[in-house]
Amino acid sequence: MKRIYYILILALPLLVLSGCSKFEEDLFGKSSSERVDALIKEAYDTLTSSPEGWYFNYHVGWDELEEIGGYWFWCKFNTDYTVDAALELNTVYYYGNETTHNHPAGDIVSSPFEFIKSRGAVLSFDIYNPILDFFVVPSANAYQGLQGDLEFSISEVTPSRITVKGIKTGKIMHFYKKTDGKETGQAMRDLSEIGNRIDRTSTMIATVAGAYSGEGYEPVAERAIKNYNSHMRASRAITLTYNVLTGMNGETPVTETKEVRMLYTPDMDGKGITLYNKVNVMGNDITAFTYDANTDAFTSNDPGQTVVLKQTDAYAIEDVLGRYTAYVSSYWEGTLDPLENITITRQSGNKLKVQGIDMDILFFYATFDPNLGILVAEDYHEIEGITLGGVKVYFKNPYGGAPTVFYITRPDNVTNISCGDLWGYYAPDYVSPSGNVGAWGGLYGSLRLIHN
Amino acid sequence: MKNLFKYILLIALVTTAWSCSEELKSNSVIKAAEERNSDFDKYLYREFTVPYNIRVQYWLDDKEIGNNDQVIPADIESSKIMAVLLKYLFLDVYNEASPEGVDFDRKYAVRIFQFVGSRAYNPNGTAVLGTAEGGLKITLNDLNRLGYFYKTGGIDPAVLLSVEAGEFHTIHHEFGHILHQTKNYSDEYGQISVSDYVLDSWSEYTLQEALDLGFITAYGRNNKDEDFVEMYSTYVTMSQSQWDTYISSASAAGKAKIAQKLTLLKDYLATSWGMDLNNIRAIILRRASEINSLDFVNLK
């Protein structure tokens, strides 16, 4: 019996102490709930205390091919839980063919913001804002939008920089306190101009010191052309491909191909780009490039300046105008005989008309982008499309889908204009194979124009 | 000695319980997402939460949206419009139509509405207009178009009631599920098209094929429950002449089956719920015609 009493006496303090969370908190520091509260309070106090607001370097993409680099938002957080936001890009929204929102770079739109406690310290933009939602808004052709975040978990707060992590993308992003005294709209428009200059071309001439550059093995640098909600741009993801000589097989070089993907954000002063992740080229670590506007070239910041990327010259419109032969095929109608006497003429500025002698066969308007080297077929109301088997075909989904893009190449100095992924929809009086009247669907075909 | 120890133990336990009940209150000066208090929040609390225990979640709660869906939030103007319409074209309809009055909604209404600004899209480009989970929660997509319509001349009621995309077709459809899950309809209904249900393959069939087989929509071919609620929600959101036109292209056999189903539907509502199907329809259509006289702005 005595033993039992001894055990009970010993057990008593444990029973008292283990049952009480207050004791645990005193013993082990603050509870996680308190830590979250403290972090939210710190974030709120810091974010709302910047009279000029914050620059927000925003990255998107949880799938590799959707990672298109970093873009500059400006956000001002107010004590009434509203945020004023602007972006360096133009944001245009459509409902069908109606434009419901049109905000040039630098326009400011306000909306509420929240902190969500239940999932750690999360900053949430959970009420519509056409600026903040730009990279999120989905469409029929981009069911996940541009894979952007609206919720961010807060990782670190300092007086001039707040680090967050996108909930869906996992991207580490920063808010930088704005103290430059610039008027916000002008600051964003300036960034827009810098971006337009720095993101101008889809291809770049690349030199990589130490890489093998024999004919056919030259380094190649490209930026994907991406649809930013019906506005085509070169993305801020550079893919650099180069070859390393590993030996000779008689007179034939033996090489190993390397590919490096670089996501960047233009620096605010327009003098360079900073990479999201460090990359290694020919054994050299690169974290940024300087940009020289005079040479229109980027030079890597490693001591040896291993990589130089120069933006290519724009295409000349004279190389695009003229007479062509068209090769058309589609899933539904098969391959048509080549269509001769297709002409491309200039309507005004960079607006071109592509027209067959027989207008019923081939007729559409497109905007020429000399820097990206593309033709963008005009929107629904502007074009007639082409006729396949007697059926009018249009190039753009009338419910706000992506415009059809034709790529220009000039092998042996002959202009080729092609779209290998021809996507259109059938006219309202068409009856599709599955019996839907006026249904739209993919052409799953190609159109290739070759200059005569 | 034994008793002394018992008393010590008892005191210790009581002391423990008492001291632990004094939990540290979280020292939060931050207004959390959970503590909304705008005029619109007060309106929602008074008109939905208090009388019906319904939560109208107009902010985008990502937990509530499927992880693969990328959508944008509803804007405040569209959210207000939808909240007013939820009352006008859903709750108040049944308050009027049911002999139980407001108690009917208290007992049976959908409990959570999640508002979403854009459509949700599948990878193949088809749009998801709304989702419902077990009659407890309905997610309504594409709501930002309501604010746009309102600003540019008014909302066409047909948009709200349409079979393909109308929010109120969806809401009355889901409410139909709540009704039959509470009090089931007769087995006779499921026998009419017993060999023509195709489950998830319904999307491979056209509307005309569905009509010819006695279904009111292709989705009705899924199973008898969907058939039942599609009949209900389509009928109550169309005028008689619209209905007649809609089914006019059905084959004779299809029309006969639709008529049979309609009779059973009417009987069910009258017998199980004391409601008249045509009265429900008349109320919905009358109210739908009145929506542009509602105040969507000054909600407090």
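Chain B exposes about 13,600 Å², of which carbon and sulfur atoms supply 53% (Shrake-Rupley method, 1.4 Å probe). The model is predicted: local features need pLDDT of at least 70 and side-chain atom pairs count only at pLDDT 80 or more, whereas totals for chains, interfaces and linings use all residues. Residues are numbered from 1 along each chain as its sequence is written, chains are lettered from A in the order in which they are written, and side-chain values use heavy atoms, without hydrogens and water.

Of the 300 residues of chain B, 52% count as buried (under 20% relative accessible area, 1.4 Å probe, protein chains only). The chain has 13 helices and six strands, taken as DSSP runs of at least four residues (H or I) and at least two (E), respectively.

Four strands of chain B form an open sheet of mixed pairing, in the order E1-E2-E6-E5; strands pair if DSSP finds at least two bridges between them. E1(B) and E5(B) stand at the edges with a single partner strand each, so one side of each is left without a neighbour in the sheet. Three bridges join E1(B) to E2(B), and these strands run parallel.

| Helix | Strands | Angle |
|---|---|---|
| H3(B) | E1, E2, E6 | about 145° to E2(B) |
| H7(B) | E2, E5, E6 | about 170° with E6(B) |

Ten of the twelve residues of H10(B) are buried, so this helix is largely enclosed by the rest of the structure. Its cover includes H3, H7 and H12 of chain B.

Notes. Buried means under 20% relative accessible area, exposed over 50%, partly exposed in between (1.4 Å probe, protein chains only). Contact means heavy atoms within 4.5 Å. Axes are lines fitted to C-alpha atoms, for helices over the stretch in contact, and angles run from 0 to 180 degrees between N-to-C directions.
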